[in-house]
Amino acid sequence: MEKKKVIYSAMQPSGVPTLGNYLGALRNWTNLQEEYNCVFGVANMHAITVRQDPQDLRKRTKDIMALFLALGLDPEKNIIYVQSDVKAHAEIAWILNCFTYMGELNRMTQFKDKSQKHSDNINAGLYTYPVLMAGDILLYQSDLVPVGADQKQHLEICRDIAGRFNGVYGDVFKIPEPYIPKVGARIMGLQNPEKKMSKSESENQNNIIYIFEEPNVIRNKIKRAVTDSGSEVYYSEDKPGISNLLNIYSSVTGKSIEEAVKEFSGVGYGEFKLAVADAVVDTLAPIQQRYKEYSSDKAYIEKVMKEGAEKASYIAEKTLNKVKKKIGYPIYK
Ligand code: TYM
């Protein structure tokens with residue numbers, strides 16, 4: 001991996017991927033793969049911070065791999081791998097834990113949210129999750145991390161941890177920058193547009209659009225999406241439902257919010273929703289088609305996983321060895 005800047009990002013196999021994952025993060029990964037050296041992970045070590053069914057977890061891990069391929073991520077050009085296949089992640093996480101303050105972790109909003117949601121299992125892994133994530137990014141000396149807005153705080157703590165480590169030992173880690181899209185960084189639920197659309201939510205299926213969903217299901221969900229009083233399509237804080245649909249429309253079509261608002265001036269909510277649904281269905285259709293092809297080729301997916309793990313380990317070990325040397329672990333010739 002020389003010269004080109006490095007992109008790192010990952011996704012948890014903790015549920016079924018949503019339109020939010022696609023618009024906030026995945027879409028940008030594909031756009032960036034030509035320009036950068038990219039490393040994309042299936043973050044299954046992160047996923048076990050909440051209880052997972054083993055069979056499901058293994059299956060979803062492969063499904064996400066197939067999704068990466070269906071998105072057009074090229075395993076020859078990029079590194080696509082599964083986090084638990086690279087031992088360096090666990091090792092760096094421990095080391096970085098010793099460079100992270102509890103005060104910093106106490107401020108993490110995701111930890112607070114998840115502890116509330118999983119009050120029967122507030123484990124230490126959930127608490128130190130941002131440290132594991134910092135390790136992911138720092139092991140590959142990443143320049144840029146394309147994520148949705150919900151990960152911004154984790155990127156900030158990653159930068160702080162890296163800066164602290166570098167402050168003691170010299171320039172060991174590259175300090176990464178977040179790459180958060182202007183539109184689509186926070187896709188909200190269709191039924192509850194005050195909260196982000198999340199793949200780990202299971203209560204209200206009408207709240208979520210899944211990447212692999214049938215066109216007629218997507219259309220129905222968008223048709224039923226909560227709107228606001230009034231009848232005009234415009235972007236405003238007091239119109240969270242319509243604003244969210246505008247965001248989705250603008251993201252999938254590449255039109256600006258202003259252009260979209262102009263397009264729908266004088267158009268009722270019903271017609272607007274149909275247009276949003278069409279645009280979403282058209283965007284997802286080719287990904288769904290390719291996903292079907294890849295996911296049926298188990299042997300190929302496994303090959304990509306194995307090769308990805310090797311390539312990722314090679315880079316990760318280099319950084320890890322540097323870190324071990326710096327902190328005073330034994331060095332063997
Ligand atoms: P995860 O698996 O929750 O989500 C994957 C990506 O999708 C984005 N995203 C959204 N974007 C817009 N609107 C939404 N409603 C929405 N929901 C999710 C997320 O911001 C994310 O970019 N901790 C990470 C995984 C991870 C990681 C990393 C990311 C592990 N190590 C290192 C970057 C770098 C997570 O749980 O993402």
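This is a predicted model: local features need pLDDT of at least 70, side-chain atom pairs count only at pLDDT 80 or more; totals for chains, interfaces and linings use all residues.
Let's start at F212, which has a relative accessibility of 24% and so counts as partly exposed.

The structure holds 13 aromatic pairs. One of them is formed by Y8 and Y140, with 5.2 Å from centre to centre and 15° between the planes, and this pair is stacked. Look at where the two tyrosines come from: Y8 is in strand β1, Y140 is in the loop between α7 and β4, and they are 132 residues apart, so the pair links distant parts of the chain. Are these two buried or exposed? Both Y8 and Y140 are buried.

Now back to F212 and Y291. Their ring centres are 3.8 Å apart and their planes meet at 20°, so this pair is stacked too. F212 belongs to the loop between β5 and α9, whereas Y291 is in helix α12, 79 residues apart, and here again the pair links distant parts of the chain. Aromatic rings can also gather in a group: F99, F165, Y169 and F173 form one aromatic cluster.

Next, on to charges. Side chains of opposite charge can pair when their charged atoms come close. How many salt bridges does the structure hold? There are 14 of them. Take D278 and R219, whose side chains meet with N and O 2.3 Å apart. D278 sits in helix α12 and R219 in helix α9, 59 residues apart, and the pair links distant parts of the chain. Both partners are partly exposed, D278 at 36% relative accessibility and R219 at 31%.

E34 and K77 make another salt bridge, at 3.1 Å from N to O. This one joins two loops: E34 is in the loop between α1 and β2, and K77 is in the loop between α3 and β3, 43 residues apart. E34 is exposed, with a relative accessible area of 51%, while K77 is partly exposed at 43%.

E156 is partly exposed at 38%, and K152 is partly exposed at 42%.

Finally, let's visit the ligand. It is surrounded by 27 residues, and the closest are Q12, Y129, D136, D150 and K199. The residues of this shell divide into 13 nonpolar, 9 polar and 5 charged. Zoom in on a few atoms: a ligand nitrogen is 3.1 Å from a polar backbone atom of G20, and a ligand nitrogen is 2.6 Å from an N or O atom in the side chain of D136. D150 places a polar side-chain atom 2.4 Å from a ligand oxygen. Taken alone, the ligand exposes 710 Å², and the protein buries 97% of that. Which elements give two or more residues to the shell? They are β1, α1 and α7.

Note on methods: Residues are numbered from 1 along each chain as its sequence is written. Side-chain values use heavy atoms; hydrogens and water are left out. A residue is near a molecule or strand if one of its heavy atoms lies within 4 Å of it. A polar contact is a pair of N or O atoms within 3.5 Å; within protein, one must be able to donate a hydrogen and the other to accept it, and residues adjacent in sequence count only if both atoms are side-chain atoms. Accessible areas come from the Shrake-Rupley method with a 1.4 Å probe; for residues, only the protein chains shown count as cover. Helices (H or I, at least four residues) and strands (E, at least two) are DSSP runs, numbered from the N terminus. Ala, Val, Leu, Ile, Met, Phe, Trp, Tyr, Cys and Pro count as nonpolar, Asp, Glu, Lys and Arg as charged, and the others, Gly among them, as polar. A salt bridge is a side-chain nitrogen of Lys or Arg within 4 Å of a carboxyl oxygen of Asp or Glu. Buried means under 20% relative accessible area, exposed over 50%, partly exposed in between (1.4 Å probe, protein chains only). Rings of Phe, Tyr and Trp (its six-membered ring) pair if their centres lie within 6.5 Å; planes under 30 degrees apart count as stacked, over 60 as edge-to-face and the rest as tilted.
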